Amino acid sequence: MLSNTSRLLTYLCAALYGILGMLLFLFPEQLAPVFAWKVTGFMTITIGGWCLGNAWLAYIAARRWDWQRVYTQLIYLWLFGIGELLVLFFFRDKLRLEHPIAWLYFITLIVNTLAAFIGIFDYLRIRPSNQLIGAGLTKAQSMFAVAFVIFVGFLGLYGLIAQIGAPGTNAGIFPEVMSLFTLRSFGVFYFSLALATIPYFWDRSLNSILSHAFAAYALIFFITTAAFIYIDLFNFSERPGGLAYFGAYLVVGIPLLFVFYKYGTGK
């Protein structure tokens with residue numbers, strides 16, 4: 001496996017994301033006006049959901065710390081940290097660091113990016129084994145991974161390249177109009193999720209994908225919970241695209257509970 005330094009940094013990411021996520025999730029209306037850029041309460045609680053999900057994912061990865069089971073979780077975490085820090089750089093003229101919550105977000109991404117670079121260096125130095133252990137994926141399970149990458153990857157890529165006014169950006173799916181800053185941040189989140197799952201096109205390990213799904217499940221839970229808390233913002237009759245926002249998480253989240261019950265969590 002990777003070095004103890006990488007493991008400690010992953011635990012530190014879990015702690016920082018946990019503190020940041022809890023604050024953003026519990027106090028979205030109070031913290032939205034002083035966040036790192038202009039966001040609404042719903043955007044703030046959703047970002048808090050990402051952070052709480054990242055905290056759980058990083059904790060599970062550091063706790064299990066077996067390359068074959070957690071490497072895709074680490075890939076997601078590394079991509080997310082680097083990508084979101086790049087978004088801050090490209091929109092640095094709109095970045096606001098007057099409040100401690102904004103600094104906490106900035107520092108968390110820096111630590112995440114540091115963990116990414118050290119983790120990549122460790123991988124190139126140690127070359128941990130990724131040999132298949134245990135049961136392999138069925139064709140149906142592999143197709144689910146492919147469908148996930150295609151769907152989530154499209155959302156991520158669209159968020160990275162779409163301009164304001166493009167279909168879906170004016171409260172068509174997400175119930176509020178996003179700034180380009182927020183849109184790119186959402187794009188990095190979804191694109192990182194998709195890219196981290198690509199190895200399952202050839203990695204046939206059932207335990208590995210179960211571990212990944214279990215670690216990432218908190219993302220589904222907290223983001224969906226945030227949407228239910230702000231459900232009054234959704235107007236499904238006039239903007240039916242909002243159903244896709246809910247449906248995407250529920251269609252993945254509910255079946256995974258039965259999968260965990262039947263196959264376990266890849267521990």
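Author: **Helix packing and its surroundings**

Start with helix α3 (residues 41-64) and helix α8 (residues 206-229): their axes come within 8 Å and cross at roughly 160 degrees. The model is predicted. An angle over 145 degrees counts as roughly antiparallel, so α3 and α8 are roughly antiparallel to each other. The crossing of α3 past α8 is right-handed.

Which residues meet here? From α3 come F42, I45, T46, G49, W50, L52, G53, N54, W56, L57, I60 and R64. From α8 come S211, F214, A215, A216, A218, L219, F222, I223, A226, A227 and I229. By class, this contact of α3 with α8 holds 17 nonpolar, 5 polar and 1 charged residues.

Now take a second pair. Helix α1 (residues 4-26) packs with α5 at an angle of about 155 degrees, and their axes are 9 Å apart. That angle makes α1 roughly antiparallel to α5. Here the crossing is left-handed. On the α1 side the contact includes T5, S6, L9, L12, C13, L16 and Y17. Also on α1 are I19, L20, L23 and L24. The α5 side includes I101, L104, Y105, T108, L109, V111 and N112. L114, A115, I118, G119 and D122 in α5 take part as well. The classes in the contact of α1 with α5 are 17 nonpolar, 5 polar and 1 charged.

Y105 sits in helix α5 (residues 100-126). Its relative accessible area is 2%, so Y105 is buried. Beyond residues up to four places away in sequence, Y105 touches L20, F35, A36, W37, I47, E84 and L88.

The place of A32 is the loop between α2 (28-31) and α3. A32 is buried, with a relative accessible area of 4%. A32 and T44 are 12 residues apart along the chain, and their C-alpha atoms are separated by 5.8 Å.

Next, the cysteines. How many disulfides are there? The count comes to 0. The sulfur of C13 is 11 Å from the closest cysteine sulfur, that of C51, which is too far for a bond. For C51, likewise, the nearest cysteine sulfur is that of C13, and C51 is in no disulfide. C13 is buried, at a relative accessible area of 0%. C51 has 1% relative accessibility and counts as buried.

Last, the backbone. Most residues other than glycine have a negative phi. W65 has a positive phi, near 45 degrees. W65 lies in the loop between α3 and α4 (67-90). R127 has a positive phi too, near 50 degrees. R127 lies in the loop between α5 and α6 (139-161). Is each of these residues buried or exposed? W65 counts as buried, at 10% relative accessibility. R127 is exposed, with a relative accessible area of 52%.

Conventions. Residues numbered from 1 in each chain as written. Predicted model: local features only at pLDDT ≥ 70, side-chain atom pairs only at ≥ 80, totals over all residues. Heavy atoms only, no water. Axes fitted to C-alpha atoms, helices over the stretch in contact; angles between N-to-C directions. Helix = DSSP H or I, 4+ residues; strand = E, 2+ residues; numbered from the N terminus. Parallel < 35°, antiparallel > 145°, perpendicular 65-115°, else oblique. Left-handed = near helix turned anticlockwise from the far one by under 90°. Contact = heavy atoms within 4.5 Å. Nonpolar A, V, L, I, M, F, W, Y, C, P; charged D, E, K, R; others polar. Disulfide = S-S within 2.5 Å. Buried < 20%, exposed > 50% of the residue type's maximum accessible area, 1.4 Å probe, protein only.
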